[in-house]
Amino acid sequence: MSFGDPNNPYGPPQGGQQPNYGYPQQPQGQPGYGYPAAPPVQQPYGGGYGPGPTEMPGITRAAQIMLAVIAAAHLIVAAVYGYNLSQWDEVMLEAGVTGDAEAERFLELGKGIVVFFLALAAVYAVLGLVLVLQYAKGSNAVRVCSIVYGSLAIVTGIFTLAIYGLGLLIMIVSILLIVFAAKRASAEWFRRPRY
């Protein structure tokens with residue numbers, strides 16, 4: 001290779017290249033001594049989310065209302081199970097399911113299942129109400145718990161389809177709850193800084 005070869009990477013810089021290519025250049029108006037000034041702070045400490053929304057977005061408020069509807073529906077389901085449990089012995093007596101030991105055992109098993117579903121619906125309603133009350137000041141865990149709550153509410157909606165279409169309502173509102181709680185505006189609301 002000769003010195004005048006234009007493709008020689010070790011040759012002198014060409015007319016279009018800047019001298020000291022690859023080294024930081026100082027702006028023309030500043031002195032070149034001492035340490036350079038620190039760059040200005042671009043984002044606040046803590047990941048750069050900024051201040052966040054000051055009031056709850058509409059879609060997050062809608063998710064909160066849907067969560068309250070699901071909790072109220074589970075209170076209704078618990079009330080229906082409680083009513084069925086109060087009428088259980090009379091209905092079984094009228095049906096003639098008494099006297100036989102085998103039939104009595106299945107009767108008690110069925111009564112236990114109704115008590116289990118009553119307790120499950122009541123606990124699920126209380127958990128929903130706790131989540132509803134945490135929406136104003138809760139962290140991102142409230143949003144995640146709302147999504148999980150909505151997912152489990154779809155399953156309870158399947159089991160309560162026989163109660164006057166209440167299960168269908170629970171399933172539809174649960175799907176909407178999951179979608180609204182997963183939106184970016186809801187995530188920003190729950191990730192906002194709290195002072």
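UniProt positions are given here in the numbering used for this model, with feature names shortened, and the annotations may be inferred rather than shown by experiment. With that in mind, hello everyone: the unreviewed UniProt entry lists residues 65-83, 113-133 and 165-182 under "transmembrane region".

A word on the source. This is a predicted model, where local features need pLDDT of at least 70 and side-chain atom pairs count only at pLDDT 80 or more, while totals for chains, interfaces and linings use all residues. Residues are numbered from 1 along each chain as its sequence is written, and side-chain values use heavy atoms, leaving out hydrogens and water.

Now the overall picture. The protein chain has six helices and zero strands; helices (H or I, at least four residues) and strands (E, at least two) are DSSP runs, numbered from the N terminus. Of its 195 residues, 27% are buried, meaning under 20% relative accessible area with a 1.4 Å probe, protein chains only.

Back to those listed spans. Residues 113-133 are 100% helix, with end C-alpha atoms 30 Å apart. For residues 165-182 the helix share is 89%, and the end C-alpha atoms lie 26 Å apart.

Finally, how do helix α4 and helix α5 pack? Helix α4 (residues 140-159) and helix α5 (residues 166-181) meet at about 160 degrees, axes 8 Å apart; axes are lines fitted to C-alpha atoms over the stretch in contact, and angles run from 0 to 180 degrees between N-to-C directions. That makes α4 roughly antiparallel to α5, the word for angles over 145 degrees. Contact (heavy atoms within 4.5 Å) involves residues including Arg143 and Tyr149 of α4 and Met171 and Leu177 of α5.

Note on methods:
Angles under 35 degrees count as roughly parallel, over 145 as roughly antiparallel, 65 to 115 as roughly perpendicular and the rest as oblique. Buried means under 20% relative accessible area, exposed over 50%, partly exposed in between (1.4 Å probe, protein chains only).
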